[in-house]
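Subject: Handover of a structure, with notes

Dear colleague,

I am handing this structure over to you, and the notes below it are meant for someone who comes to it new. Please have the sequence and the model open while you read.

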Amino acid sequence: MGILLIILLSIILEPMREMLNLTVEKIKLGTAITNAARSAKDRSLEYDSQKNLDAQVDQEKFAGYFADAFEDALNLTCTNKKESYGYLKFKSNDGKYNDFIVTLEYKEKEDLYTEQVVTKVEMKAESEYKFKTKYLKMAEDASEDVATQLISERTLILSIKN
């Protein structure tokens with residue numbers, strides 16, 4: 001009975017542990033995106049437009065600084081940093097994660113009240129979650145329907161106040 005109870009408990013507790021791991025990974029991903037955006041926002045504003053209090057972003061610089069900070073946060077390497085500044089691919093250095101795809105969408109609009117340019121950057125990072133527990137790794141290997149996506153979305157609104 002004791003051995004049966006141990007096996008039954010492990011079957012019940014393993015998915016709960018995996019859900020806890022998944023929640024932790026989602027928090028890490030959200031924090032990495034937020035910190036990368038904070039790192040990139042001030043250094044990517046175009047200097048000439050700041051004189052008029054316009055928040056216009058140099059998209060190439062933003063993507064570069066964002067990629068550097070995102071790489072450092074999750075121990076990743078950006079494979080296409082020089083090629084694209086709206087669609088970034090990241091590969092894990094330590095095999096802890098599957099490949100990440102980050103999309104950056106830039107939208108500029110003029111604020112009707114202040115007549116200043118405001119830039120909105122929408123960021124979305126997604127990857128297929130890599131299971132950590134034995135039973136769910138076996139389930140993933142046996143079937144293609146157990147894949148879980150790690151997705152995090154953030155919006156950054158850039159404006160300059162005087």
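In which helix is Y47 found? Y47 is found in helix α2, which covers residues 47–50; helices here are DSSP runs of H or I with at least four residues, strands are runs of E with at least two, and both are numbered from the N terminus. Y47 counts as exposed because its relative accessibility is 59%, where exposed means over 50% relative accessible area, buried means under 20%, and partly exposed lies in between, with a 1.4 Å probe and protein chains only. The C-alpha atoms of Y47 and D58 are separated by 9.6 Å, although the two residues are 11 apart along the chain.

Before the rest, a word on the basis of these notes. The model is predicted, so that local features need pLDDT of at least 70 and side-chain atom pairs count only at pLDDT 80 or more, while totals for chains, interfaces and linings use all residues. Residues are numbered from 1 along each chain as its sequence is written, and side-chain values use heavy atoms, with hydrogens and water left out.

Aromatic rings

The structure holds seven aromatic pairs, a pair being two rings of Phe, Tyr or Trp (its six-membered ring) with centres within 6.5 Å, called stacked if the planes are under 30 degrees apart, edge-to-face if over 60, and tilted for the rest. One of them joins F62 and F66, whose ring centres are 6.3 Å apart and whose planes stand at 15°, so this pair is stacked. Both residues lie in helix α3 (residues 59–74), four residues apart, which is about one turn of the helix, and both F62 and F66 are buried. Ring pairs also link F62 and F66 with F70, F90, Y97, F100 and Y106 into a cluster. A further contact with a ring involves R43, whose charged end sits over the ring of Y65 at 4.0 Å from its centre; for this, NZ of Lys or CZ of Arg must be within 6 Å of the ring centre and within 35 degrees of the ring normal.

On the surface, L5, L8, L9, I12, L13 and M16 form a nonpolar patch with about 580 Å² of accessible area together. Such patches are made of residues with over 30% relative accessible area and no salt bridge, with nonpolar side chains (Val, Leu, Ile, Met, Phe, Trp, Tyr) joined within 5 Å and like charges within 9 Å, and the areas come from the Shrake-Rupley method with a 1.4 Å probe.

E14 is buried at a relative accessible area of 17%, whereas R17 is partly exposed at 43%.

Strands and their salt bridges

Strand β2 (residues 87–92) and strand β3 (residues 100–110) run antiparallel and are joined by four bridges, with T103 of β3 as the bridge partner of Y87; two strands pair if DSSP finds at least two bridges between them. Strand β3 is in turn joined to strand β4 (residues 117–128) by 11 bridges, and these strands also run antiparallel, with M123 in β4 as the bridge partner of L104.

By the rule given above, the count comes to six salt bridges. E105 forms one with K107, with the closest N and O atoms 3.5 Å apart, and K120 forms one with E122 at 3.6 Å. E105, K107, K120 and E122 are linked in a network of salt bridges.

Backbone points to check

N75, in the loop between α3 and β1 (76–78), has a positive phi near 55° and is partly exposed, with a relative accessible area of 35%. E115 takes a positive phi near 60° in the hairpin of β3 and β4, which has six residues between the strands, and E115 is exposed, with a relative accessible area of 60%.

Conventions: A salt bridge is a side-chain nitrogen of Lys or Arg within 4 Å of a carboxyl oxygen of Asp or Glu.
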